Amino acid sequence: MLTKVIEQTKIDHFSKWLARAEKFVIVSHVSPDGDAIGSSLGLYHFLISQEKNVNVIVPNAFPDFLRWMPGSKEVLLYDRYKEFADKLIAEADVICCLDFNTLKRIGAMEAAVSASSARKLMVDHHLQPEDCCGITMSYPQISSTSELIFRLICRLGFFSDITKEGAECIYAGMMTDTGGFTYNSNNREIYFIIAELLSKGIDKDDIYRKVYNTYSESRLRLLGHVLSHMKVYADYNAALITLTKKEQEQFAYVKGDSEGFVNIPLSIKKVCFTCFLREDTEMPMIKISLRSVGSFPCNRLAAEFFNGGGHLNASGGEFYGTMEEAEKVFEQALEKYKPLLLGNS
């Protein structure tokens, strides 16, 4: 049995929307990851089963290793089809905002979503949600937004309507947002949910292979290059890896090729905190990915030094400046957090 994380008043409220609305639009954040696409398509398949008119719109492209998900071909990219997407958003009865806590995280879509007269639902698990939706289901203690979508469907009384395709998407979202269930995944209810998803006929081993074992040769060579330039800060139990635009061009980088890189230095003995700095190919910024083990709060460090946030062991942020400047800021952060880093060994 699952605990009732989502308040009943919110379930009842959305149930009324579900009964009355016909046109649903599902939106998620810039550079959508596995949880963003998994939760969006999981909800998409459920709403289709309820004979609703549903469109999934994301700001820009998502990684190739997520394109196997059932329904992924129906996802509309806002940066390519803005005029059509704006029309769908304006005409929606309900807009479901998934896997983000503030409208600025949907980038260029923000204005259209804000202006729409549609009722708005937020389902998310990040800290400090913005008050921008009529219903906000935000629970940072939950491992993924995909898990929350499963809980929402079940609480609405429609577990039987979860299809195999929807279950595959939900499972993939849960799996990717926990690093293959290696962090933020100690709640036993996660494994009850997995068992229920397996009852829908999903092949979790095949999903793992499709996500983690179908990369290109150039991605593997890129990983070797990145690790060969890794910096280990033994006095801080930390490690840093970087990736410049020039290096991305050298290895024919495509979106998603660096997925999981930040986790690898955690396999070094005593390293409890890692940082990955990657120059963005579309915006003049450096994307920050942070991972930790144990009790080290990389979300606090992300918020303080990189205008970011996230979860205790998995966070991210942004930096506007050069790679060298970003590295210096990272080293300043290490010095400030040194007691916690050494105490976590």
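## Aromatic clusters and pairs

In this predicted model, Tyr233, Phe273, Phe296, Phe305, Phe330 and Tyr337 are linked into a cluster by ring pairs. The count of aromatic pairs comes to 14. One of them joins Phe65 and Tyr215. This pair is edge-to-face, with 5.7 Å centre to centre and 70° between the planes. Phe65 sits in the loop between strand 2 and strand 3, and Tyr215 in the loop between helix 8 (204-212) and helix 9 (217-228), so the pair ties together parts 150 residues apart in sequence.

Phe65 has 8% relative accessibility and counts as buried. Tyr215 has a relative accessible area of 23%, so it is partly exposed; buried would need under 20%.

Tyr208 and Tyr212 make a tilted pair. Their centres are 4.7 Å apart and their planes stand at 50°. Both residues belong to helix 8; they are 4 residues apart, which means a separation of about one helical turn. Tyr208 is partly exposed at 40% relative accessibility. Tyr212 is partly exposed at 22%.

## Charges over rings

Elsewhere, Lys200 lies over the face of Phe159. The distance from Lys200 to that ring centre is 4.1 Å.

Strand 3 pairs with strand 2 (residues 53-58) in the parallel sense, over 2 bridges. Within strand 3, Leu77 stands opposite Val58.

## Nonpolar cores

The largest nonpolar core holds 56 residues. Which of them touch the most other members? They are Phe14, Phe24, Ile26, Leu121, Met137, Leu152 and Leu197. Helix 6 (residues 164-176) gives the most to this core, with 7 residues.

Ile26 shows how one of these residues is surrounded. Leaving aside neighbours within four places in sequence, Ile26 is in contact with Ser40, Leu43, Tyr44, Leu47, Val54, Asn55, Val56, Ile57, Cys96 and Leu98.

Another core, of 26 residues, lies apart from the largest one. Its members include Tyr233, Ile286, Ile288 and Leu341. Tyr233 also belongs to the ring cluster with Phe273, Phe296, Phe305, Phe330 and Tyr337.

## An exposed loop residue

Lys270 is found in the loop between helix 10 (245-250) and strand 9 (273-279). Is Lys270 buried or exposed? Lys270 has a relative accessible area of 61%, so it counts as exposed, the cut-off being over 50%. Lys270 and Tyr78 are 192 residues apart in sequence. In space, the C-alpha to C-alpha distance between Lys270 and Tyr78 is 43 Å.

Key: Residues are numbered from 1 along each chain as its sequence is written. This is a predicted model: local features need pLDDT of at least 70, side-chain atom pairs count only at pLDDT 80 or more; totals for chains, interfaces and linings use all residues. Side-chain values use heavy atoms; hydrogens and water are left out. Two strands pair if DSSP finds at least two bridges between them. Buried means under 20% relative accessible area, exposed over 50%, partly exposed in between (1.4 Å probe, protein chains only). A nonpolar core is a set of buried Ala, Val, Leu, Ile, Met, Phe, Trp, Tyr and Cys residues joined through side-chain atoms within 4.5 Å. Contact means heavy atoms within 4.5 Å. Rings of Phe, Tyr and Trp (its six-membered ring) pair if their centres lie within 6.5 Å; planes under 30 degrees apart count as stacked, over 60 as edge-to-face and the rest as tilted. A charge sits over a ring if NZ of Lys or CZ of Arg is within 6 Å of the ring centre and within 35 degrees of the ring normal.
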